[in-house]
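Hi,

Here is the structure I promised to pass on. Have a look at it first, and then read my notes below.

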Amino acid sequence: MPTPWQIRKRLLEVCHLAARKGYVAAYEGNFSARLPDDRILITPSRRNKGMLTSEDLVVIDQAGHPQRAELAPSSEFRLHTTIYAERSDVGAVAHGHPPYSTAFAVSHHKLCIDCMPETLVELGNIPLVPYGTPGTHELSDRLRDHLHSAQAFLLANHGAVTVGADVDEAYFRLEMLEQAARILYYAATLGGACSLDPAAKEKLSRTGNHT
Ligand SMILES: [Zn+2]
């Protein structure tokens, strides 16, 4: 079990990486991790993720109240607290607006990854969550309806969310999601991706995770 300091350090590294990769611009995106005492470490409101320091990360309780009054958590904290409350298996959450994934989300195109076996094993079904106003209960309520069936989600007219057992897994799933969206975008220009046939999918589900 990593210490709170190790979790803080890793979350900060992931914020910087996401900014470098262009998954978040300006103040966009928010990232969090569950601490050993079940409180949540989350990025602050209206700060560029590429410029954060470890002191900028905010500890909140499950209701979203910050440990120190002078630090405001991300306005999207409800999205994160809802996920932790609903999924005891989740240790970290990543939310960004990666361009290719978000292009699918704003055009209401479901991301069908059953043409890529390794991505399919890792991410499975990717729900397109109906639009909810950012930062409100409306959005977290709509996500809740899909939470138990997936590890990665597109938010209509908004962006992407991924979850994982730890910070690395949540972030890597965001990378995989964006890579898949980019490949499918290119494949569309070549006439569209070819899905695996049912027998190949069945074999894949039997052989399990070999990514
Ligand atoms: Zn957002």
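Before the helix packing, a word on terms: the axes are lines fitted to C-alpha atoms, for helices over the stretch in contact, and the angles between N-to-C directions run from 0 to 180 degrees. Also keep in mind that this is a predicted model.

With that in hand, start with helix α3 (residues 99-106), which packs on α6 at an angle of about 70 degrees, the two axes being 7 Å apart. Angles from 65 to 115 degrees count as roughly perpendicular, so that is the label for α3 and α6. Their crossing is left-handed. On the α3 side the contact is made by Y100, S101, A103 and F104, and these meet L177, E178, A181, R182 and Y185 of α6. Sorted by class, the residues of this contact are six nonpolar, one polar and two charged.

Helix α6 (residues 167-189) has another partner to look at, helix α1 (residues 4-20): their axes come within 10 Å and cross at roughly 15 degrees. Since anything under 35 degrees counts as roughly parallel, α1 and α6 are roughly parallel to each other. This time the crossing is right-handed. From α1, the residues I7, R10, L11, V14 and A18 meet V167, D168 and Y171 in α6. The class count for the contact of α1 with α6 is six nonpolar, no polar and two charged residues.

Now for the strands. How many of the residues of β1 are buried? Five of five, so strand β1 (residues 30-34) is mostly covered. In a regular strand, side chains alternate between the two faces of the sheet. In β1 both faces are covered, with N30, S32 and R34 buried on one side and F31 and A33 buried on the other.

β1 also has pairing partners. With strand β4 (residues 92-96) it pairs in the antiparallel sense over four bridges, and S32 stands opposite V93 of β4.

Most residues other than glycine have a negative phi. H108 is not a glycine, yet its phi is positive, near 55 degrees. You will find H108 in the loop between α3 and α4 (117-123). Is H108 buried or exposed? It counts as exposed, because it has 12 C-beta neighbours inside 10 Å, and the cut-off for exposed is 12 or fewer.

N157 is another non-glycine residue with a positive phi, of about 55 degrees. Its place is the loop between β6 (152-155) and β7 (159-164). With 14 other C-beta atoms within 10 Å, N157 is partly exposed.

R46 counts as exposed because it has 9 C-beta neighbours inside 10 Å. If you want a distance to check your viewer against, the C-alpha atoms of R46 and L128 are separated by 26 Å, and the two residues are 82 apart along the chain.

Cheers

Terms used: Residues are numbered from 1 along each chain as its sequence is written. This is a predicted model: local features need pLDDT of at least 70, side-chain atom pairs count only at pLDDT 80 or more; totals for chains, interfaces and linings use all residues. Helices (H or I, at least four residues) and strands (E, at least two) are DSSP runs, numbered from the N terminus. Angles under 35 degrees count as roughly parallel, over 145 as roughly antiparallel, 65 to 115 as roughly perpendicular and the rest as oblique. A crossing is left-handed if the near helix is turned anticlockwise from the far one by less than a right angle, and right-handed if clockwise. Two residues are in contact if their C-beta atoms, placed from the backbone, lie within 7 Å. Ala, Val, Leu, Ile, Met, Phe, Trp, Tyr, Cys and Pro count as nonpolar, Asp, Glu, Lys and Arg as charged, and the others, Gly among them, as polar. A residue is buried if 20 or more other C-beta atoms lie within 10 Å of its own, exposed if 12 or fewer, and partly exposed in between; C-beta atoms are placed from the backbone. Two strands pair if DSSP finds at least two bridges between them.
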